[in-house]
Amino acid sequence: MQKKTVRVCHFHKLKIMQNGNIYPCCRGRKYTLLGNIFDENIYEKIENSDIICECSMFKSVARTPDDKINLDYIHYETSNVCQANCVCCPQSKEPLNKEKELLSKINEMIERYKPKHIIAIGGEILVQENAFSMLFDLHKKYPKMEIQTITNLCVGEERLKQAEKIFDAMTISMLGFNKHTYKNEMGLDFDKVMNNFEYLYENKKVKLSPKYLAMPTNLFEISEFLKWALTKDVQKIYLHCIHEFKRVANVEEVFWKKTFEKLEKEIKQILKDNKENIIAKNRHFISIHETLAEFLHIDNNYIEENGFSNIIFLTI
Ligand SMILES: C[S@@+](CC[C@H](N)C(=O)[O-])C[C@H]1O[C@@H](n2cnc3c(N)ncnc32)[C@H](O)[C@@H]1O
Ligand code: SF4
Ligand code: SF4
């Protein structure tokens, strides 16, 4: 079993939600709430809280006098404004009521703690003018601070070039792997996204991680996505699926059993064909959502037997 890291979680990372609530991590467990960014004494609350908690990776313990806040990450969510309309997206497209105020408070917190990394996620941050320009300014002021996002990457040339300047890493979400599916599922232009990806890839400034989000209507295209992604020297490949897959598809039906049998064969063949290349990565390189992995019969035994330990991970 993996050994847990013992630490004071909120002295390493802060996750700021859209409503301003702050937690030590994305799980956002109720009892780990540190306060709200609009609280007058929020810094005192953060610095004087003890969060006792445990998960599969960490054990959060009480502070000792030696523990000082030294953030690796500030991870925040901006508004849901986005140019796409993905069928699976749980987010409404409404701007937040106090968006400017929230951004200004986040900026203040970043200035105070100067984290090593910022993870900024929308909606679609590349089309959110205020959120984007705040990152632009932060990058100018703190060029060594790593800035990351998750994006659909469907933007024009000018914005792409600006984004290339400020982002160190991007995860690119794809809900299909041909232009018709892309248009239908996301309302976006597949060719534009692929051209933008190639542009960034060739320039090598931004670490890229393509992410496929599988759902009943785009399932088989995941194979083409995986074949393509494995031809690229990317940071990480995500094979994920929508949270509600089991709810929207009756996966016990013969239809789905046959579908997943076929897909399992294809995906395992692709992994086999690329085995050497995958093993040579020798780091966490492929992340498969545990629900999708269950459908494909990819478990820890399969991972170990094929020499993919510490390379392919089952995640949530
Ligand atoms: C809400 S989006 C925001 C960032 C950006 N607009 C994007 O789509 O990459 C964050 C991530 O959630 C994923 N996502 C969207 N709908 C989902 C769903 N129903 N279940 C699980 N993940 C979902 C997206 O694919 C994306 O990777
Ligand atoms: S122990 Fe895990 S779940 Fe709990 S606060 Fe730390 S990272 Fe989050
Ligand atoms: S691109 Fe992201 S934020 Fe926009 S609709 Fe799709 S999942 Fe939602």
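Ile270 is found in helix 9, which spans residues 254-273; helices (H or I, at least four residues) and strands (E, at least two) are DSSP runs, numbered from the N terminus. The structure is a predicted model, in which local features need pLDDT of at least 70 and side-chain atom pairs count only at pLDDT 80 or more, while totals for chains, interfaces and linings use all residues. Residues are numbered from 1 along each chain as its sequence is written, and chains are lettered from A and ligands numbered from 1 in the order in which they are written.

Ile270 has 18 C-beta neighbours inside 10 Å and therefore counts as partly exposed. On this scale a residue is buried if 20 or more other C-beta atoms lie within 10 Å of its own, exposed if 12 or fewer, and partly exposed in between, with C-beta atoms placed from the backbone. Setting aside residues up to four places away in sequence, Ile270 touches Ser223, Leu226 and Lys227, where contact requires C-beta atoms, placed from the backbone, within 7 Å. Between Ile270 and Lys204 there are 26 Å from C-alpha to C-alpha, at a sequence separation of 66 residues.

Stepping back to the whole protein chain, 12 helices and 14 strands are present. The radius of gyration (taken over C-alpha atoms; the globule rule is 2.2 Å times the number of residues to the power 0.38) is 20 Å, which agrees with the value near 20 Å for a compact globule of 316 residues. Along the principal axes, the C-alpha atoms fill a box of roughly 55 × 45 × 40 Å. Of the 316 residues, 32% are buried. Among contacts with a separation of 6 or more, 71% join residues 24 or more positions apart.

The largest nonpolar core has 72 residues, and Ile74, Ile106, Ala120, Leu135, Tyr212, Leu239 and Leu292 have the most contacts inside it. Such a core is a set of buried Ala, Val, Leu, Ile, Met, Phe, Trp, Tyr and Cys residues joined through C-beta atoms within 7 Å. Beyond its neighbours within four places in sequence, Ala120 contacts Tyr76, Thr78, Ile125, Ala131, Leu135, Ile147 and Thr149.

Helix 5 (residues 179-186) has Tyr182, Glu185 and Met186 as its buried residues. Viewed down the axis of helix 5, these fall within an arc of 85° (that of the directions from the helix axis to the C-beta atoms), so they line one face. The buried residues of helix 5 pack against helix 6 (190-203). After helix 5 comes Gly187, with a positive phi near 75°.

Ligand 1 is surrounded by 19 residues, the closest being Cys88, Ser173, Leu213, Ile242 and His243. Strand 9 (146-151) and strand 11 (207-214) are the elements that give two or more residues to this shell. Around ligand 2, the residues include Cys9, Cys25, Cys53 and Cys55, and the shell has seven nonpolar, two polar and three charged residues.

Methods
Two residues are in contact if their C-beta atoms, placed from the backbone, lie within 7 Å. A residue is near a molecule or strand if its C-beta atom, placed from the backbone, lies within 6 Å of it. Ala, Val, Leu, Ile, Met, Phe, Trp, Tyr, Cys and Pro count as nonpolar, Asp, Glu, Lys and Arg as charged, and the others, Gly among them, as polar.
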